[in-house]
Amino acid sequence: MRTAHRVETVRAAEAELMARLPEGALMQRAAAGLAAACCSLLGRGRVYGARVVVLAGSGDNGGDALYAGARLARRGAGVTAVLLGSRAHEAGLASLRAAGGRVAEDPYEALAVADLVLDGITGIGGRGGLRPDAVPVARAARGSGAVVVAVDLPSGVDADTGEVAGEALRADATITFGTYKPGLLVDPGREYAGALRLVDIGLSLPSVPDLEALQHEDVARLLPEPAAESDKYRRGVVGVVAGSARYPGAAVLAVAGALRGGAGAVRYVGPAAEAVIAAHPETLVHGGPPDKAGRVQAWVVGPGVGEGPGTGAALDQVLASDVPVLVDADGLRGLTAATVRARTAPTLLTPHAGEAAALLGTAREDVEAGRLAAVRELAERYGATVLLKGSTTLVCGPGGTGPVRVNPTGTPWLATAGSGDVLSGLAGSLLAAGLLPVDALSAAAYLHGLAARHTSRGTSPIAANDVATALPEAWRDVRS
């Protein structure tokens, strides 16, 4: 599992460690790891004679970059520093010069022939994008054809949120120190970071991080696995209230996701029973109402239900049940915080940015600009576990406290009609199988994204039904 900590936490851990180390030792640790990573990026045998440009700001980030440049210079690289900011890190610059590095007279001339550029303009304390004087240099670096390596964080990206308020320097790789920063895992910052590499510099960090990103082995531990004595009821039954005369496909897709989610059986309630049975004959269908459909361990309500007569009553019945309820899509319309908070069983909300904005009474643009803040506020206000869909899918537990989970398997190809219906069914099935709400949403998002990647192979369009079909392959991947 990748874990990320906020700047305030990192600063405190650095201060505690520096108090126990000789002066400058922590920066040297970071520089050593950074230089080693640059050597591997340049490739075996290519360090000697390589042309490296260090973009050095006036803070400690610039010092890390200059010291790393000195190490590369001692291995035979030609290293040139471009000094940006009010001053240079004196000891780092002296080390670079002593190793044979130089300061550029013309930064654009140096960048034009660079093999690798170290971005040490701003560090984790930077806010508001690049300063105007750094913008043309950053653009030249990005357009140079060199490998751009960010030092701890791409300059211009907010370390705590991933927001980019202005221009930022897009990296091919980011070498980060001590712990991942939230802005490296959340878009748009994630897109600017490139490949990530973590260098351990000995920080003692809190056991509970600010962000978590599950990996294959983490998801494999969460997924339900039937035992010898299992039957369809012991494995969990999920109820699905979805679809309408206008959107029967939503019901089909939600049921498809639920059937491939590990539960023993799926009960469908709604007007699209004929379409559901035609596609999935194993489904247990019921004409309604939900409270007469039979016992379930979890409900999914909302995909494609529209605003027709009976929709509100069905939602009310589901919310009145004593089992976990996942509310998605049309079910989110008119949902109040008081209604959700009054429930004694867990409630899960899975909005996209527009739906989240409506639930919060704010603009969609505000949600998209501050995704971490939005998912935490939704979870706190509604007392629910919230999955916020988007370029980076985020999951937050009720109350808005604890680590937010960020899904690393998402792909832009998932931006297609019906994919959210598949996700809801999948998550509901995992919930019925006994997973905790945060785990059910996190595992579902991970498998959903992985299935989409299998289907698209990263280059081709996909349909929601393709994602549902590929879910078994995603399960096999995480368990292999």
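This is a predicted model: local features need pLDDT of at least 70, side-chain atom pairs count only at pLDDT 80 or more; totals for chains, interfaces and linings use all residues.

Me: How many aromatic pairs are there by the rule used here?
Reply: Numbering runs from 1 along each chain as its sequence is written, and side-chain values use heavy atoms, without hydrogens and water. Rings of Phe, Tyr and Trp (its six-membered ring) pair if their centres lie within 6.5 Å, with planes under 30 degrees apart stacked, over 60 edge-to-face and the rest tilted. By this rule the count is zero.

Me: Which residue lies over the face of Y192?
Reply: A charge sits over a ring if NZ of Lys or CZ of Arg is within 6 Å of the ring centre and within 35 degrees of the ring normal. At 4.2 Å from the ring centre of Y192, the residue is R170.

Me: What is the volume of the largest cavity?
Reply: On a 1 Å grid over the protein atoms alone, a cavity is a set of points where a 1.4 Å probe fits but cannot get out, and lining residues have an atom within 4 Å of a point. The search of the whole structure finds one cavity of 30 Å³ or more. Among the lining residues of the largest cavity are E212, R405 and Y446. Its volume, the space filled by probe spheres set on the grid points, is about 60 Å³.

How values were computed. On a 1 Å grid over the protein atoms alone, a cavity is a set of points where a 1.4 Å probe fits but cannot get out, and a pocket is an open set with protein on both sides within 12 Å along at least five of seven lines; lining residues have an atom within 4 Å of a point.
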